[in-house]
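Hi everyone, thanks for coming.

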Amino acid sequence: MALALFVAMAAASATPGNDYTRDTNWLCRPGRSDACTDDARVTRMASGAAPIEEPAVPPAEPDADCFYVYPTTSLDLTGNSDMIAGPEERAQAAAQFARFASVCRTFAPVYRQVTLTALRARMRGQASDADPELGYRDIRDAWRDYLARDNGGRPFVLIGHSQGSMVLQRLIAEEIDGKPVQGHMLSAMLPGTSVLVPKGKDIGGDFKTIPLCRTGSQTGCAIVWASYRDTIPPPANALFGVSKRPDMEAACTNPAKLEGVPAPLDSIFGFPWWRGGVGIGAPPEGWQADGKPLATRYARVPGRLSAECVKGSNANYLAVHVNVAPQTAFDRELTAEPVIGDDAYPDWGWHVVDIAIVHGDVLRLVAAQSAAWHRAHR
């Protein structure tokens, strides 16, 4: 095992890095047309009301930056993806990140991540030559390029999901925690992973000087959650929100109410990529209502779900409750166990929609944290 790890690290160190001054190595950058400038209109699907289309109008001069690392997405057949962003990477960025352009400048690097192909092989117990060190080095280099060329002392938010959150977790520990640049961090949003803190504490553990966020105006803090349906809680083999250390627990913060009480969620679902499509151009297999395709990629369902952080016997997690009984095809699409996948994969829970279920909430958090940071730095 040690020899294999040494060989993998040696191979990674011999692989040339990427030049992130090249625009082609970014999915999203300000001032150009890309995955974050696609049509971001949303159809509001409030319970008992007719669908209403809402426009997306980004601010002319955002007061903050958002740096996003997408989850395991690449369908490349190799262990690590190449640097050519396929439709799956572009669709993922559009679904999870494009609407952040309403509150910040958007930065999303392409990176040589461990592919979905490699992940599926591992789930089947097969060997893979995937090297996570390669993907981390890419994100580290992209981050350093962003700081050198683009930041200029601006506040920033780090946003990841799953593999993206894990990569950012290491980046924060090595490049931000306890360093001067930490003073410009509004928050680190790290859904779909496990960030450890001492039991009953908000600081310490994986991050030494970065606490968990507990109010919407707090900055320089972390927001962490792993979502499971309240009726299908994390099983003994749960993948997220778990700690193997007896002195530590996995952090959980509810983006809809950081103070720690149950709250309705402002859910905004991008294209349902987990069904196997990629969502480019809002194809017919996207969201539907009453049998008719929505004209928008996004569907907003405020209050359809609610959530609170729960300390279970083996995991700390965001317990998601369905407030409206599924009566229409659209309701079933959003909440059915076979659709989300938590009946077949209870160890994953609501992992595929970690961001979607609180998308509107995290957008408001970025705006609130940015306003608080600028008030403090006048």
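Predicted model: local features only at pLDDT ≥ 70, side-chain atom pairs only at ≥ 80, totals over all residues.

Residues are numbered from 1 along each chain as its sequence is written, and side-chain values use heavy atoms, with hydrogens and water left out.

Let's start with Asn151, which lies in helix α4 (residues 132-151). Is Asn151 buried or exposed? Buried means under 20% relative accessible area, exposed over 50%, and partly exposed in between (1.4 Å probe, protein chains only). Asn151 has 7% relative accessibility, so it counts as buried. Its side chain makes a polar contact with the side chain of Tyr146, at 2.8 Å. By polar contact I mean a pair of N or O atoms within 3.5 Å; within protein, one must be able to donate a hydrogen and the other to accept it, and residues adjacent in sequence count only if both atoms are side-chain atoms. The Asn151 side chain also reaches the backbone nitrogen of Gly153, at 2.9 Å.

Now over to Lys199, in the loop between β8 (196-198) and β9 (221-223). Lys199 counts as exposed because its relative accessibility is 52%. Leaving aside neighbours within four places in sequence, Lys199 is in contact (heavy atoms within 4.5 Å) with Pro246, Asp247, Met248 and Glu249.

Note on methods:
Helix = DSSP H or I, 4+ residues; strand = E, 2+ residues; numbered from the N terminus.
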